[in-house]
Structure formats: structure tokens, C-alpha cells
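Colleague: I am new to this structure and would like to be taken through it step by step. Could we look at it together?

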Amino acid sequence: MKLYRCLKIILHLFWPCDNTFDDDVIDDVPAPAEIESPEAEPERKDTFELEKQYLSLLFESEPITRELNQLTIHSASYFYSGMRSIIHRFKYEGAKNLCLPLGRAMSMLFTKPEIHYLIPVPLHINSTRKYNQSYELAKGMSELWNIKVIEAAEWANDVQHRVGLNASERMKLSADDFRITFNVKGLRVSVVDDVCTTGATLLRLSEALEKAGAIVVCAYALSSVGE
């Protein structure tokens, strides 16, 4: 059944139809507490339907691949108005439940990499968010790929928030701004983030991992601002 569902979603990329994202496509996604079942309260059903709409938006976009200093970055979509709305919901409005199904959808858009671990970009030191959205996206990716997620990095310095910085300011980030907290020597890994603007965060984290002995195969992002 899982293979059938994956094929059905993949077919939607080429022949979109209104009923591709019916209940049986994502009923194996672990339901968050507020949408425990289709028989739940009306507001919970509304949340479930909204989640399906967001998945549809993702699959209507085209994946993007870019190269940055020999790092290959795969993004599931461009950061257009619809995707911006999705990302703002789980980053600033507490809609953590959106991350897991979006991560699962991301894993269907790309070929499974030959790696040992997925490593999310760590949550900013001063963030008030109670969860790391990059980690939650990586968890969704890990389910279909059967690749473990490890939080192997943390910020070593209290760097300026990325939001609002221009390209040159973003690129000032250093690999030394990250601290690797897991023994990654000899391991093949990929890094995961929610948004790729210049790619600086993904690049510098990859460099920090390589300094620690890892082999960084590629990076993944839910959305790309574009070049």
C-alpha cells in the first residue's frame, strides 16, 4: 500500500488532479494530537483538510537543485506566496503538526541518498520556539527513507538572526559558528533546513561537519528563495 501511495503522489507531479490528496494518501502519517482521527471534532477536520491543501501546494511546485561551493542543495519548492504562508505557520504560529507531512512529501520528491544520517540545522540560540522546525522536517523525511535523524550540531556563537540580513551579511557566517556534538567521523550525512536563501547556513554547517570528519553528500530545504 505504501508503494501505491507513493506512486500515486508521484503521478500527480505529471498529471495533477483534484482528488490526488484524498484521505488514503496520508492516512499513515502519524496524526498530531489536535487531529487525532477523521471522526474528531469539526475544527480538527478543518485542520486535517488544511494540511492536505499544504501538501498539494508543495507537489504543484518544481524541485530546485543548486550548487554552492561544491555543495549540492536540493529544495522542494520556491519561496513563493503559498509556501511562504506554510512556512510562517510552522515557524511563527506554532503549527508544528505541518512539519512531519511536509517532510514526508519532501522525501518523495528526491531520490533516497546513500547516507547514514540526516542532520538538521540547529535552532537559533535565542529562539523562543519550543521545537526545531528543521528537525521536524527531517523526521518526516526519515520515515520514508528509513534514515535516522541526529541533532549533531549546535550554534557555537550567538550569531545574528538570519531574517532581514542581505546576501553579503549572510555569507559572513563561518563554519566555526557551529559546534559538532556527535562523532561523525567517516559518516555520510545530509543536512536539512526549512528555507534556503543564500545557502550560507547549509554551506557553513556542512563545512563544520566536514572538519569533524563527516562526508556531506548534499543538503535539503523545504523552500528556496532563488538565486
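Colleague: In which sense do strand β1 and β2 pair, and over how many bridges?

Modeller: This is a predicted model. In it, β1 (residues 64-68) and β2 pair in the antiparallel sense, over 5 bridges. Within that pairing, T72 of β2 is the bridge partner of E67.

Colleague: How many residues lie between β1 and β2 in the hairpin?

Modeller: The hairpin has 2 residues between its strands. N69 is located in the loop between β1 and β2, and Q70 lies in that loop as well.

Colleague: What is phi for N69?

Modeller: N69 has a phi near 50°, a positive value in a residue other than glycine. Q70 also has a positive phi, about 70°, although it is not a glycine. As background, most residues other than glycine have a negative phi.

Colleague: Which strand does β2 join through 3 bridges?

Modeller: That is β8 (residues 215-224), which runs parallel to β2. The bridge partner of S75 in β8 is A221.

Colleague: What is the order of strands in the sheet?

Modeller: The sheet is open and has 6 strands, in the order β1-β2-β8-β7-β3-β4, with mixed pairing. Its edge strands are β1 and β4 (148-149), each of which pairs on one side only. Strand β7 (residues 188-196) is joined to β8 by 8 bridges, and these two run parallel. V191 stands opposite A219 in β8.

Colleague: Which strands does α6 touch as it packs on the sheet?

Modeller: Helix α6 touches β3 (117-120), β4, β7 and β8, and its direction makes about 130° with that of β7. Helix α8 (residues 200-211) lies across β1, β2, β3, β7 and β8, running at about 160° to β7.

Colleague: Let us turn to the helices. At what angle do α5 and α6 cross?

Modeller: The axes of α5 (residues 99-109) and α6 (residues 133-145) cross at roughly 50° and come within 7 Å. That angle makes α5 oblique to α6. The crossing of the two helices is right-handed.

Colleague: Which residues make the contact?

Modeller: On the α5 side, they are C99, L100, L102, G103, R104, M106, S107 and M108. On the α6 side, they are Q133, E136, L137, K139, G140, M141, E143, L144 and W145. By class, the contact has 9 nonpolar, 4 polar and 4 charged residues.

Colleague: Why is α5 described as largely enclosed?

Modeller: The description applies because 11 of the 11 residues of α5 are buried, so the helix is largely enclosed by the rest of the structure. Among these buried residues are P101, A105 and L109.

Colleague: Next, I115. Where does it lie?

Modeller: I115 lies in the loop between α5 and β3.

Colleague: Why does I115 count as buried?

Modeller: Its relative accessibility is 12%, and buried means under 20%. Not counting residues up to four places away in sequence, I115 touches I147, R188, V189, S190 and V217. The C-alpha atoms of I115 and V217 are separated by 7.4 Å, and the two residues are 102 residues apart along the chain.

Colleague: Lastly, the whole chain. How many helices and strands are there?

Modeller: The protein chain has 8 helices and 8 strands. It has 227 residues, and 52% of them count as buried.

Colleague: What share of the contacts join residues at least 24 apart?

Modeller: The share is 75%, taken among contacts in the protein chain between residues at least 6 apart in sequence.

Conventions: Residues are numbered from 1 along each chain as its sequence is written. This is a predicted model: local features need pLDDT of at least 70, side-chain atom pairs count only at pLDDT 80 or more; totals for chains, interfaces and linings use all residues. Side-chain values use heavy atoms; hydrogens and water are left out. Two strands pair if DSSP finds at least two bridges between them. Helices (H or I, at least four residues) and strands (E, at least two) are DSSP runs, numbered from the N terminus. Axes are lines fitted to C-alpha atoms, for helices over the stretch in contact, and angles run from 0 to 180 degrees between N-to-C directions. Angles under 35 degrees count as roughly parallel, over 145 as roughly antiparallel, 65 to 115 as roughly perpendicular and the rest as oblique. A crossing is left-handed if the near helix is turned anticlockwise from the far one by less than a right angle, and right-handed if clockwise. Contact means heavy atoms within 4.5 Å. Ala, Val, Leu, Ile, Met, Phe, Trp, Tyr, Cys and Pro count as nonpolar, Asp, Glu, Lys and Arg as charged, and the others, Gly among them, as polar. Buried means under 20% relative accessible area, exposed over 50%, partly exposed in between (1.4 Å probe, protein chains only).
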